[in-house]
Amino acid sequence: MFYAVRRGRQPGVYNSWDECKDQVSHYPYASYRKFPTYEQAQHFTRGSDYPSRSSYRQERSATVYTDGCCSRNGRYGAQAGIGVYWGHDNSLNVSERVYGRQTNQRAEVEAASRAVEQALDHNITSLNICTDSKFTIKGMTEWVPRWKENGWKTVHGEDVVNRREFEKLDRLSKKLDVKWTHVPGHRGNPGNEMADRLARKGARK
């Protein structure tokens with residue numbers, strides 16, 4: 001079963017009642033319901049009721065939380081990891097080590113790419129990526145178009161450090177509808193906290 005929160009602390013679809021309860025308990029005029037399918041729950045959060053079965057086949061929407069971290073960022077012995085959180089005990093949740101260049105910003109972008117790859121593998125057509133990384137969001141919504149026009153040079157004429165990572169994320173994102181949602185980090189958001197925990201665990205692998 002899926003628990004949809006239309007009006008609460010953090011609207012969205014949750015995999016357990018405990019997660020849902022955290023969003024609606026003591027919240028004024030909370031609106032929430034339980035559904036047998038993710039699609040029905042997602043439509044409820046948008047303020048609509050049950051679409052036809054054909055609509056389910058045409059559109060699959062999902063919300064995911066991503067995070068990247070790097071202990072000793074910028075120093076010798078740095079260890080980076082990514083976290084992708086789809087929901088409580090969801091088999092798609094990811095906690096992995098980042099290989100190659102070990103930086104926090106690279107990990108943030110890689111985490112988003114991992115989520116999009118998973119969405120494509122599961123025929124998800126619309127993905128809401130929730131992240132505390134303004135760097136990733138601004139990169140995808142503002143900077144990448146400019147970098148392309150400037151031959152992947154910054155406004156100062158320097159090479160874009162994370163070009164390869166952004167090129168990958170840009171290429172993947174063109175295959176589905178991606179919405180970017182910024183969530184403040186370490187402010188008690190359950191999804192963000194879990195993504196952060198998965199990323200830190202990944203960095204230790």
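Which residues of helix 6 are buried? They are Glu165, Phe166, Leu169, Asp170, Leu172 and Ser173, where buried means under 20% relative accessible area with a 1.4 Å probe and protein chains only. Seen down the axis of helix 6, these buried residues fall within an arc of 165°, so they line one face of the helix; the arc is that of the directions from the helix axis to the C-beta atoms.

This is a predicted model, in which local features need pLDDT of at least 70, side-chain atom pairs count only at pLDDT 80 or more, and totals for chains, interfaces and linings use all residues. Residues are numbered from 1 along each chain as its sequence is written, and side-chain values use heavy atoms, with hydrogens and water left out.

**Whole chain**
- The chain has seven helices and eight strands, which are DSSP runs numbered from the N terminus (helices H or I, at least four residues; strands E, at least two).
- With a radius of gyration of 18 Å, close to the 17 Å that the globule rule gives for 205 residues, the chain is as compact as a globular protein of that length; the radius is taken over C-alpha atoms, and the rule is 2.2 Å times the number of residues to the power 0.38.
- Along the principal axes, the C-alpha atoms fill a box of roughly 50 × 35 × 30 Å.
- Of the 205 residues, 47% count as buried.
- Among contacts (heavy atoms within 4.5 Å) with a separation of 6 or more, 62% come from residues 24 or more positions apart.

**Helix 5 and helix 6**
- Helix 5 (residues 134–149) packs against helix 6 (residues 163–173) at an angle of about 95°, with the axes 11 Å apart.
- Axes are lines fitted to C-alpha atoms, for helices over the stretch in contact, and angles run from 0 to 180 degrees between N-to-C directions.
- The two helices are therefore roughly perpendicular to each other, a class that spans 65 to 115 degrees.
- From helix 5, Phe135, Thr136, Gly139, Met140, Val144, Trp147 and Lys148 meet Phe166, Leu169, Asp170 and Ser173 of helix 6.
- The residues of this contact divide into six nonpolar, three polar and two charged.
- The buried residues of helix 6 pack against helix 4 (104–121) and strand 8 (177–182) as well as helix 5.

**Asp170**
- Asp170 lies in helix 6 and is buried, with a relative accessible area of 12%.
- Not counting residues up to four places away in sequence, Asp170 touches Met140, Val144 and Lys148.
- The C-alpha atoms of Asp170 and Tyr76, 94 residues apart along the chain, are separated by 30 Å.

How values were computed: Angles under 35 degrees count as roughly parallel, over 145 as roughly antiparallel, 65 to 115 as roughly perpendicular and the rest as oblique. Ala, Val, Leu, Ile, Met, Phe, Trp, Tyr, Cys and Pro count as nonpolar, Asp, Glu, Lys and Arg as charged, and the others, Gly among them, as polar. Buried means under 20% relative accessible area, exposed over 50%, partly exposed in between (1.4 Å probe, protein chains only).
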